[in-house]
Amino acid sequence: MSNDDRDRTYTRDQRNVVLLKEFIAQSTPEQPFFAFMFFESPHAPYEFPAESVVEQDYYPDINYATVTRNDGPKIFNRYKNSCRHLDQRFAEIIQLLEEKKLLDNTIVIITGDHGEEFYEKGRLGHNSSFVKEQTHTPLVIYIPGVKPFEYDKMSSHLDIVPMLAPFLGVQNAPEDFSLGYNLLDDEQERTYAILAGWSNVAYTGKDYKTILPQNAVEFATQTVTDGEDNPLPNVKDFYAEHNQELFQIQRNMVKFKQ
């Protein structure tokens with residue numbers, strides 16, 4: 001696939017889908033293949049063609065110099081329209097896989113690299129905080145022969161590879177090559193996840209969420225919330241209840257370091 005940064009984001013997605021379909025069209029059920037595509041249209045400024053509009057009351061053009069939190073709902077509608085465009089592109093790809101009879105032995109994964117906030121917690125976009133809106137992502141996985149179900153436990157992007165590995169012939173335990181868990185193994189369950197931004201990391205679990213301090217100032221000013229981003233009075237309970245996990249996190253950060 002090529003790197004395309006011309007014109008509006010949705011037109012880039014459309015051109016890249018054409019290339020992806022051409023690649024898939026050359027494949028056969030007997031020929032293994034791997035394809036990855038990064039879609040831009042649901043990223044700011046959330047662009048879409050007229051035929052993708054499902055929310056009429058959307059913000060026309062985003063001016064970051066004048067936009068306010070009152071514009072959040074209309075910007076969110078703009079985002080919904082861009083996601084509708086993305087759904088239409090997904091439909092093209094799935095339809096071709098069906099026509100080529102490739103879905104019987106092809107794993108399909110749809111996910112996001114981050115969430116998106118529309119002033120629900122005071123900010124717009126992503127990578128400005130670790131609130132739920134900015135960190136939760138969709139994860140839709142189709143695996144031939146696996147009965148559909150909804151996974152209602154905590155998961156991480158780190159869990160994708162350990163889950164797929166057995167289908168690719170890997171017999172090693174997940175901990176040999178990953179910090180993730182196999183989401184199809186009922187005996188494995190994630191109790192916390194580590195979230196990463198450009199310059200800091202955060203711990204998130206069922207009851208606590210906090211940025212992990214990297215210096216004395218951050219430690220002295222550290223705050224903690226519950227899983228729904230509601231402030232909690234102090235961090236003492238967090239450290240008391242999760243000290244063993246925090247030691248394990250330190251070990252994990254250098255586990256695969258060469």
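**View A. The loop holding Phe167.** Phe167 lies in the loop that links helix 4 (160–164) to strand 5; helices (H or I, at least four residues) and strands (E, at least two) are DSSP runs numbered from the N terminus. Phe167 is partly exposed, at a relative accessible area of 40% (buried means under 20%, exposed over 50%, partly exposed in between; 1.4 Å probe, protein chains only). The model is predicted: local features need pLDDT of at least 70 and side-chain atom pairs count only at pLDDT 80 or more, whereas totals for chains, interfaces and linings use all residues. Residues are numbered from 1 along each chain as its sequence is written, and side-chain values use heavy atoms, without hydrogens and water.

**View B. Helix 6 (residues 236–252) and its kink.** Helix 6 has 17 residues and should span 24 Å at 1.5 Å a residue, which agrees with the 23 Å between its end C-alpha atoms (expected span: 1.5 Å times one less than the number of residues). A kink of about 75° is centred on His242 (bend: the angle between axes fitted to the seven residues ending at a residue and the seven starting there). His242 is itself buried, as are Phe238, Glu245, Leu246, Ile249 and Asn252. The buried residues of helix 6 pack against strand 5 (192–196), strand 6 (201–205) and strand 7 (209–211) (contact: heavy atoms within 4.5 Å).

**View C. Helix 1 (residues 9–25) and its cover.** From first to last C-alpha, the 17 residues of helix 1 reach 24 Å, close to the expected 24 Å. Its buried residues include Tyr10, Arg12, Asp13, Val17, Leu20 and Ile24. Helix 2 (72–99) is part of what covers the buried residues of helix 1.
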